[in-house]
Amino acid sequence: MNLETIAIQAGRGTDSDTGAVMPAINLTTTYKRGNAAGMVYSRTDNPNRAALEDCLVALESGAVGFAFSSGMAAVAAVFQALSSGDHIVLADDTYFGVRELTIDILSRWGLQHSLVDMTDIDAVADSIQANTRMIWIETPSNPMLKITDIEAISKIAREANVMLGVDGTWATPILQQPLRLGADYVVHSTTKYLGGHSDLTGGIVVAREAAPLNENLQVIQATGGAVPSAFDCWLLLRGIRTLPLRMRQHCSNAMAIARILEADPRVHTVHYPGLQSHPGHSVAVRQMSGFGGMLSIQVEGGEDKAAIVCGATKIFTEATSLGGVESLIEHRALVEGPTSRTPRDLIRISIGLEHPDDLMADLDKALG
Ligand SMILES: *Cc1c(COP(=O)(O)O)cnc(C)c1O
């Protein structure tokens, strides 16, 4: 089946008692013993969560899914499923929160890590140690839009008997399916494109069949308890129904704007994998069916100019986050704080679903 059909049909059953075409929101905390579904308590089981997990498993061609209350909770669950003394290889431009989680929290529990440039395949192979259990990549990456060759890294992982986890938040399962390219785990912050309307926080882990951490993940979800509410799962599934359509328009709007900005003398660099000038373009063409709705630009005039531009837009709202129908803009280094590795003149832009001409006119004016 095609993704457009899966996105609408997966996890959607017509209720046999009422004929309701859309699912009810199951707010119950507990379930009568002996029920046919085997549900016990809402931290461990919830029908809305189960439907959401089924849908994402289908979209990713995975075997099992675990929904969490945020993207960070999903990433934390995967890392917690490892053991003290294990080593992970992380992309050197991994999402800021993931780097903080690893360095500030999990290192105290004995999880070791190395930061590596994932576009340097030899460096990735060299970073594998005797205790390495997982390579963790993010593609496209936040906020530099670096593209990592999932297939090439999965080959290294397989040869070294190491797991591969992919944060696919920026691509969504519509544009890229890491499990089909050899990954063991794919994670999304569902707060972003999957929800798509900036009104919920969530995360998901989808695993291939018999991936080594699946049992641990199930226990961490049920016992750690960072589970999403029934309402958030319901909202998410509702958002996913239009995900393929939304992604098509996000891609088309972002491509149009990236092309115009690339020729603009006020912008010295445009990071967008759809541009031929992007160093990851050929890998992106191979592993993605579209280039997404995120782009970052570096402006002439440095940090001060970047801050002015972010404050001057009228349609783009200056706010963190991404992937909603509305366009957002932010000066990333300021948001990340003093330990940020992001260039000071970089502006991260989430291209929404407004008309691209209106978005471009807004950016044009703000660039001054
Ligand atoms: C936002 C984001 C996360 C974190 O997700 P939350 O839902 O905010 O916890 C992780 N990875 C990437 C690539 C993100 O953009």
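Domain bounds here come from an automatic or database domain assignment. With that in hand, open the model, which is a predicted one, and let's walk through it.

**Stop one: the two domains.** Colour residues 3-241 as domain 1 and residues 245-367 as domain 2.

**Stop two: where they meet.** Now show the residues that touch across the boundary: 34 from domain 1 are in contact with 37 from domain 2. The size of an interface is often given as the accessible area lost when the parts come together. For domain 1 and domain 2 that comes to about 2800 Å², with 58% of it on carbon and sulfur atoms. Over on the domain 1 side, select Leu145, Leu175 and Tyr193: these lose the most area to domain 2, together 27% of what that side buries.

How many salt bridges are counted between domain 1 and domain 2? The count is two. While you're looking at charged side chains, pick Arg248 and Glu4, which meet in a salt bridge at 2.8 Å, N to O. Residue pairs in polar contact across the interface of domain 1 and domain 2 come to 14, with both partners at pLDDT 80 or more. Next, highlight helix 4 (96-105), helix 6 (150-160), helix 7 (172-175) and helix 9 (230-240), the elements giving two or more residues to the side of domain 1 that touches domain 2. Helix 7 supplies the largest share of that side, three residues.

**Stop four: helix 4.** Stay with helix 4 and show its side chains. Phe96, Gly97, Val98, Arg99, Leu101 and Thr102 are buried there. What covers them? Among the elements doing so are helix 3 (71-80), strand 2 (87-91), strand 3 (112-116), strand 4 (132-138) and helix 13 (332-336).

**Stop five: the cores.** Select Ile135, Leu261 and Leu295, the residues with the most contacts inside the largest nonpolar core, which has 78 residues. Helix 10 (residues 243-262) gives this core its largest share, eight residues. Both domains take part: domain 1 (3-241) and domain 2 (245-367) each provide at least three residues. Then zoom in on Leu295. Leaving aside neighbours within four places in sequence, its contacts include Leu145, Ala254, Ile257, Leu261, Tyr272 and Ile351.

To finish, select Ala76, Val78, Leu82 and Ala211, which are among the 28 residues of a second, separate core.

How values were computed. Residues are numbered from 1 along each chain as its sequence is written. This is a predicted model: local features need pLDDT of at least 70, side-chain atom pairs count only at pLDDT 80 or more; totals for chains, interfaces and linings use all residues. Side-chain values use heavy atoms; hydrogens and water are left out. A nonpolar core is a set of buried Ala, Val, Leu, Ile, Met, Phe, Trp, Tyr and Cys residues joined through side-chain atoms within 4.5 Å. Buried means under 20% relative accessible area, exposed over 50%, partly exposed in between (1.4 Å probe, protein chains only). Helices (H or I, at least four residues) and strands (E, at least two) are DSSP runs, numbered from the N terminus. Contact means heavy atoms within 4.5 Å. Buried area is the accessible area (1.4 Å probe) that two parts lose on being put together, summed over both. A salt bridge is a side-chain nitrogen of Lys or Arg within 4 Å of a carboxyl oxygen of Asp or Glu. A polar contact is a pair of N or O atoms within 3.5 Å; within protein, one must be able to donate a hydrogen and the other to accept it, and residues adjacent in sequence count only if both atoms are side-chain atoms.
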